[in-house]
Amino acid sequence: MLDNIFQENKKHFSSSDHRIMDCLLRNKNELQYITTEELIVKSGISASTVSRFWKKIGFKDIKEFKRYLRDNICSTPASKISVTLRQWNEKDFNIHDFMSRYYYHIEKTLGEVMPETLKEAAECIISAPKIYIFAPDGSSGLAEILIYRLNRFGIEFLLLKGGSALYESLVNFSANDLVIMFSYSRLLSEVKILLKHSKIAGYHTILFTDLMTSDYLELADIILYSYRGEPNEYHSMMSPLALLDLLILKIAQLKENPLEKMKYLQELRETYGSIIKR
């Protein structure tokens, strides 16, 4: 329902409107409880811009928007969990709360990623003649895991550098190649270039992100969304890692003879184990 509102009105959105809508989409199971003040803090947008936003999507104000939601949406398990999470401030934080928070992140993530999307991403990785990967900052650890696991299936990656060094790689991209990108919290300039240039060079793209709306998202062939918490919270990599594990297992399921390289790996370890012990 909220997705339909976004699709119908996005052509009139400013960059600030996109940030507000992204915040709403991130919290679409909790919108009955969100206040204008919370929306301002979460989105980082001024009160006047938030006020004008409601008219852009066809409502007088946030109250009318919530009334529309109440009339069209019934309670869901996710919305019930959100009520529990809101009670955290009323009690001492403990390990159970900590784990519940991550369960919630994963639940929201899996609620957004369809099985067919994972299958499409896996098939794209398996069939690509050449795979490039761009994983800056904190996402570099996710890329290392992906590279480590898939190397055992005979799938190799070429790492892309950021900044102007990116252009040195762009000249070698060919049609049907694949570029995998990780970009959380915001779309980096390199990601925008990679997405935009894909429509010129003809290569495929997979984007791991926690954003639900942006002008550039529509340029990605496949989006693997992860919920990592609100913009003003500590951002965990728990849900992106869970999503990555699902993708790796899906590739193992679909790839022909996935264990062939792993058996050879074991043979190599046995052959040279006296020189380098594992």
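Student: Is Phe-53 buried or exposed?
Tutor: This is a predicted model. Phe-53 has a relative accessible area of 0%. Buried means under 20%. So Phe-53 is buried.

Student: Is Trp-54 buried or exposed?
Tutor: The relative accessibility of Trp-54 is 3%. The cut-off for buried is under 20%. So Trp-54 counts as buried.

Student: How many aromatic pairs are there, and of what kind is the pair of Phe-53 and Trp-54?
Tutor: The count comes to 9 aromatic pairs. In the pair of Phe-53 and Trp-54, the ring centres are 5.5 Å apart and the planes stand at 70°. Planes over 60 degrees apart count as edge-to-face. So this pair is edge-to-face.

Student: What kind of pair do Phe-182 and Phe-208 form?
Tutor: Their centres are 4.5 Å apart, with 10° between the planes. Planes under 30 degrees apart count as stacked. So Phe-182 and Phe-208 are stacked.

Student: Which strands does the pair of Phe-182 and Phe-208 link?
Tutor: The two residues are 26 residues apart, so the pair links distant parts of the chain. Both are buried. Phe-182 is in strand β3 (residues 178-183), and Phe-208 is in strand β4 (residues 204-209).

Student: Which are the edge strands of the open sheet?
Tutor: The sheet has 5 strands with parallel pairing, in the order β2-β1-β3-β4-β5. An edge strand pairs on one side only. The edge strands are β2 (158-159) and β5 (222-225).

Student: What is the bridge partner of Tyr-132 in β3?
Tutor: Strand β1 (residues 131-134) and β3 pair in the parallel sense over 4 bridges. Strands of a sheet pair through backbone hydrogen bonds. In β3, the partner of Tyr-132 is Val-179.

Student: How many residues does the largest nonpolar core have?
Tutor: Nonpolar side chains tend to be buried together in soluble globular proteins. Ile-180, Phe-182 and Phe-208 are among the residues with the most contacts inside this core. Elements that give two or more residues to the core include α8 (115-127), β3 and α12 (238-254). The core has 30 residues.

Student: How many residues are in the second, separate core?
Tutor: This core includes Leu-2, Ile-45, Ile-57 and Leu-69. Its count is 25 residues.

Student: Over the face of which residue does Lys-108 lie?
Tutor: Lys-108 is 4.1 Å from the ring centre. The cut-off for a charge over a ring is within 6 Å of that centre, with an angle limit as well. The ring belongs to Tyr-227.

Technical notes: Residues are numbered from 1 along each chain as its sequence is written. This is a predicted model: local features need pLDDT of at least 70, side-chain atom pairs count only at pLDDT 80 or more; totals for chains, interfaces and linings use all residues. Side-chain values use heavy atoms; hydrogens and water are left out. Rings of Phe, Tyr and Trp (its six-membered ring) pair if their centres lie within 6.5 Å; planes under 30 degrees apart count as stacked, over 60 as edge-to-face and the rest as tilted. Buried means under 20% relative accessible area, exposed over 50%, partly exposed in between (1.4 Å probe, protein chains only). A charge sits over a ring if NZ of Lys or CZ of Arg is within 6 Å of the ring centre and within 35 degrees of the ring normal. Two strands pair if DSSP finds at least two bridges between them. A nonpolar core is a set of buried Ala, Val, Leu, Ile, Met, Phe, Trp, Tyr and Cys residues joined through side-chain atoms within 4.5 Å.
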